[in-house]
Amino acid sequence: LLPSPICIHAFSSLFAKENLGKMSEEQLNRYDRLINEPSNDWDIYYWATEAKPAPAEFEHDVLDMLREFAKNRNREQRLRQPDLEYLFEPPR
């Protein structure tokens, strides 16, 4: 059973909420390319879950962060997208 596209967007939104504030400008640029250049969200999902290898241009520290996030070592429930208030909070 494959996750629905909504689950994929929730996954990437939760990753963004947890990590964007910690990223350097270079990492933010790599993240922007990672989420915007592939034409298929499923590709990103497969790379993050290591079901398929990523192209060399996307093999970088941000994809490594996404892969670690995908492992969900704390077994958090990730069933919905986060509220967007975090976008309006000052950086920590």
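Student: How is the accessible surface of the protein, about 6,600 Å² with 51% belonging to carbon and sulfur atoms, to be read?

Tutor: Accessible areas come from the Shrake-Rupley method with a 1.4 Å probe, and for residues only the protein chains shown count as cover. Here 51% of about 6,600 Å² belongs to carbon and sulfur atoms. This is a predicted model, in which local features need pLDDT of at least 70 and side-chain atom pairs count only at pLDDT 80 or more, while totals for chains, interfaces and linings use all residues. Residues are numbered from 1 along each chain as its sequence is written, and side-chain values use heavy atoms, with hydrogens and water left out.

Student: How many helices and strands does the secondary structure comprise?

Tutor: Helices (H or I, at least four residues) and strands (E, at least two) are DSSP runs, numbered from the N terminus. The protein has four helices and zero strands. Trp47 lies in helix 3, residues 41-48, and Gln27 in helix 2, residues 25-36.

Student: Is Trp47 buried or exposed?

Tutor: Buried means under 20% relative accessible area, exposed over 50%, and partly exposed in between (1.4 Å probe, protein chains only). Trp47 counts as buried because its relative accessibility is 6%. Gln27 is also buried, at 15%.

Student: Which residues does Gln27 touch, leaving aside those up to four places away in sequence?

Tutor: Contact means heavy atoms within 4.5 Å. With that exclusion, Gln27 touches Lys22, Asp61, Val62 and Met65. Under the same exclusion, the residues touched by Trp47 include Leu34, Pro53 and Arg67.
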